[in-house]
Number of protein chains: 2
Amino acid sequence: MANFQVNILGCGSATPSVRHMPACQVIDFRDRLFMIDCGEGAQLQMMRQRLKFSRLSHIFISHLHGDHFLGLPGLLSTLALHEKGGTLTIHTFDEGARILRQIMAVFCRETSFEINYNIITPSRAVIFEDHAITVETFPLYHRVPCAGFKFTEKPKPRHLRGDMIRFYNIPVSRLEDIRHGADYITPDGTVIANDRLTTPADRSASYAYCSDTVYNPAVADDVRGVDVLYHESTYADDFAAKAAPRGHSTAREAGRIAAAAGVGRLVLGHYSKAYDSEEPFLREASEEFPDVIAAREGMKIDLL
Amino acid sequence: MANFQVNILGCGSATPSVRHMPACQVIDFRDRLFMIDCGEGAQLQMMRQRLKFSRLSHIFISHLHGDHFLGLPGLLSTLALHEKGGTLTIHTFDEGARILRQIMAVFCRETSFEINYNIITPSRAVIFEDHAITVETFPLYHRVPCAGFKFTEKPKPRHLRGDMIRFYNIPVSRLEDIRHGADYITPDGTVIANDRLTTPADRSASYAYCSDTVYNPAVADDVRGVDVLYHESTYADDFAAKAAPRGHSTAREAGRIAAAAGVGRLVLGHYSKAYDSEEPFLREASEEFPDVIAAREGMKIDLL
């Protein structure tokens with residue numbers, strides 16, 4: 001269990017290869033796992049990376065291409081055989097929910113858990129929110145409707161200073177408000193400013209996922225300032241002419257989005273199988289943006 | 001390219017594991033590949049085992065459980081991306097064809113090859129036949145309708161004895177009939193018996209595949225005398241009580257079928273993930289039948 005960690009389960013494109021699995025990531029966020037995209041083989045990658053099925057609570061599907069979706073039927077069948085309980089929410093376009101219901105009606109008639117479909121669209125919207133995190137969609141620009149996802153941890157409470165709490169003899173009933181920034185007013189009416197009673201909260205982290213998209217500066221607006229940006233880089237400069245017609249970006253273009261958006265770190269992935277090294281991707285992206293890493297299966301990226 | 005070789009791509013059961021992939025085999029038969037069942041990950045196993053997509057001509061699906069079917073959508077998408085041509089025939093129950101058409105309509109709208117669906121039933125029938133091979137279904141006894149497959153190579157022509165052909169000065173136009181057993185009648189009316197002109201044909205081989213089934217002696221009748229029998233052995237004796245209620249067999253029961261059917265060799269597989277060794281399967285089956293091997297991913301079994 002991690003505080004906020006991105007696990008790369010697959011970072012290839014279109015077809016699996018002996019080098020890379022199709023798209024899948026799992027965010028290990030406190031007590032839950034959030035999966036993003038689910039290419040064929042995702043269930044096996046979860047086992048290999050010791051990500052427990054029982055903790056999986058949400059799956060977010062960026063678009064309806066097989067390399068981002070076709071791991072779902074097998075994963076859901078296996079979850080049922082593992083007798084996972086609770087609710088699993090699948091965030092997908094309406095056509096994704098429709099075909100998944102049809103597949104499940106043949107291959108997995110009964111599940112031990114409830115599947116909740118949340119129909120999303122490729123537009124700007126909050127699609128999930130709880131006390132700890134907000135998940136938003138934003139549009140990507142691919143050959144079919146496609147959504148990016150932004151995961152933003154909510155602000156955390158400030159840390160109480162035990163010495164000051166004792167000094168002012170503050171009742172326990174007031175502590176929760178003080179953690180959230182309230183001042184304290186003593187019985188004789190004196191205002192004790194919050195920053196005398198607390199130290200700053202731990203920082204909150206944010207992550208954005210851009211699965212399949214042509215280079216579009218509008219994406220930078222939607223991922224502005226995130227700590228870590230995953231942006232597809234299907235091609236390097238040598239195949240730059242193929243990128244846009246196929247609805248994809250180069251590593252250099254991913255670097256430009258990262259620079260324009262002022263993110264903390266860029267993660268590259270969705271590599272074409274034409275490449276047998278990630279070196280050109282890294283080299284060319286880093287000419288545009290300094291802090292860049294190349295995703296590979298099994299990689300864990302801690303945001304906190 | 002092999003003459004008649006069974007390739008094991010997956011020999012696990014129900015869910016993939018870090019030890020075994022779900023069910024899939026490929027028969028490498030002269031210029032073509034015949035796939036039997038297509039669990040998730042089959043396309044990647046083909047790549048790993050260097051079985052060329054372009055040679056795949058038929059896929060036989062034994063029943064509609066995910067671990068025997070859910071590799072198909074991804075495989076077909078990848079075949080299309082690889083621009084495979086020609087015709088691919090998928091032999092499956094009607095519900096399998098229906099759901100596959102629905103999935104393809106979402107994830108693979110256009111293919112570079114023609115898909116021909118041949119609707120089969122879990123009964124005794126010849127479902128494919130050409131000059132070289134016959135493929136038959138026979139009933140298995142699982143929780144859902146399930147078919148076994150028997151692949152029987154057709155009799156081959158006898159070998160001509162060059163010395164005798166020259167001695168009798170036999171015209172070329174007669175040779176094909178003589179290869180197929182005809183006697184030769186000389187111009188003066190003398191009958192030369194075929195066995196003076198030829199040596200025996202190479203032997204023809206046969207293979208039977210029993211994917212998921214409870215122990216049922218009727219299966220032995222349907223696989224009688226095959227050179228190699230693959231028979232599921234989901235459990236060893238220790239879990240024998242679970243086998244029949246779940247529609248499965250033990251390794252010992254597979255051995256009994258092999259012995260009753262008088263096959264040449266028995267191949268075990270479809271192992272429950274409860275086991276981390278194939279040793280108990282091999283030991284118990286070999287108490288019933290002597291020539292037994294345990295399938296594992298990557299194994300090649302030559303029938304000729």
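Colleague: At what angle do helix α10 and helix α11 of chain B pack?

Modeller: This is a predicted model, in which local features need pLDDT of at least 70, side-chain atom pairs count only at pLDDT 80 or more, and totals for chains, interfaces and linings use all residues. Residues are numbered from 1 along each chain as its sequence is written, and chains are lettered from A and ligands numbered from 1 in the order in which they are written. Helices (H or I, at least four residues) and strands (E, at least two) are DSSP runs, numbered from the N terminus. Axes are lines fitted to C-alpha atoms, for helices over the stretch in contact, and angles run from 0 to 180 degrees between N-to-C directions. Here α10 (residues 251-261) and α11 (residues 279-286) of chain B pack at about 35°, their axes being 7 Å apart.

Colleague: Which residues of α10(B) and α11(B) meet?

Modeller: Two residues are in contact if their C-beta atoms, placed from the backbone, lie within 7 Å. From α10(B) come B:A251, B:R252, B:A254 and B:G255, which meet B:F281, B:E284, B:A285 and B:S286 of α11(B). By class, that contact has four nonpolar, two polar and two charged residues; Ala, Val, Leu, Ile, Met, Phe, Trp, Tyr, Cys and Pro count as nonpolar, Asp, Glu, Lys and Arg as charged, and the others, Gly among them, as polar.

Colleague: How do helices α3 and α4 of chain A pack?

Modeller: The axes of α3 (residues 72-81) and α4 (residues 94-107) of chain A lie 10 Å apart, at an angle of about 45°. That angle makes α3(A) oblique to α4(A); under 35 degrees counts as roughly parallel, over 145 as roughly antiparallel, 65 to 115 as roughly perpendicular and the rest as oblique. In this contact A:L72, A:P73, A:L76 and A:S77 of α3(A) meet A:L100, A:I103, A:M104 and A:F107 of α4(A). Seven of the residues are nonpolar, one is polar and none is charged.

Colleague: How many residues does each chain bring to the contact?

Modeller: Chain B gives 28 residues and chain A gives 28 residues. On the side of chain B that touches chain A, α4(B) provides the largest share, six residues.
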